Amino acid sequence: MRVLTLIPMLVFLFSGVLSAADSTISQIRKEYQSIRNALPKLKGESVELSGYSTEGGEARVYRDTKANIRLIKVALYFESGKEIREYYYQNGLLIFAFYESHRYNVPFYVTPNTAKEIGIEPFDPKKTKITKDIYYFSNGKMIRWMEENKRDVEVNSKEFKEAEKNIMDFSNKLIAKFKRKT
């Protein structure tokens, strides 16, 4: 009998946890949209990124009127693709990250003549494979990771923890590059 009364209580408690997480995600989405809407009014500046990719890269920061970082957009270029990353901030904390990966069919420099000589197909931008990952953060911790196929990566998995660390580390390096010298 105790088990029967315990089950509805656990369902109720678990639904409360889901509601809190859903509420946090909803607030992050609203802030994301607010930043996107304000983008034309935000002040931007860029820095070159070297050492992060084989073909170079760039980071562009967008600040509000109080000089707070709201968004950092990154483009990293490789022989066989590129990555576009966006980091969104609220009150100095990362709240959302978006990664878009472009993988070319062959390195971009494989021309039709070169391809024919070595017996492979040439670079064809129409054959680029694009994947997208979405990451949500709250209080300095990643709370959700949605992969391209809309699959949530398990929060307690090793993959999730490694991604969280890598994203936070890179975000912190970017912020350091754009720190105001006073």
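Q: A pocket is an open set of 1 Å grid points, over the protein atoms alone, where a 1.4 Å probe fits, with protein on both sides within 12 Å along at least five of seven lines. How much space lies in the largest pocket?
A: The model is predicted: local features need pLDDT of at least 70 and side-chain atom pairs pLDDT 80 or more, while totals for chains, interfaces and linings use all residues. Residues are numbered from 1 along each chain as its sequence is written, and side-chain values use heavy atoms, without hydrogens and water. A volume is the space filled by probe spheres set on the points, joined across faces, edges and corners. For the largest pocket this space is about 230 Å³.

Q: Which element gives the largest share of the lining of the largest pocket?
A: The lining (residues with an atom within 4 Å of a point) has 10 residues, and Ala21, Ile143, Arg144, Asp152 and Val155 lie nearest the centre. Two elements give two or more residues each: helix H1 (2-38) and strand E7. The largest share, 4 residues, comes from H1.

Q: What is the volume of the second largest pocket?
A: The second largest pocket is lined by 10 residues. Nearest its centre are Arg63, Ala67, Asn68, Ile69 and Ile175. Its volume is about 160 Å³.

Q: What pattern does the protein chain follow along the sequence?
A: Helices (H or I, at least four residues) and strands (E, at least two) are DSSP runs, numbered from the N terminus. The chain has 3 helices and 7 strands. Read in sequence order, they give α-β-β-β-β-β-α-β-β-α.

Q: What share of the residues of the protein chain counts as buried?
A: Buried means under 20% relative accessible area, exposed over 50%, and partly exposed in between (1.4 Å probe, protein chains only). The chain has 182 residues. Of these, the buried share is 34%.

Q: Which residues does valine 74 touch, not counting residues up to four places away in sequence?
A: Contact means heavy atoms within 4.5 Å. By that rule Val74 touches Leu49, Glu58, Ala59, Glu83, Ile84, Arg85, Tyr87, Phe170 and Leu174.

Q: Is glutamate 31 buried or exposed?
A: Glutamate 31 sits in helix H1. Beyond four places in sequence, Glu31 touches Arg70, Gln90 and Ile95. Its relative accessibility is 15%, so glutamate 31 counts as buried.

Q: What is the relative accessible area of glutamine 90?
A: Glutamine 90 is found in strand E4, and it touches Glu31, Arg70 and Ile95 beyond four places in sequence. The C-alpha atoms of glutamine 90 and asparagine 68 are separated by 8.6 Å, although the two are 22 residues apart along the chain. Glutamine 90 is partly exposed, because its relative accessible area is 31%.
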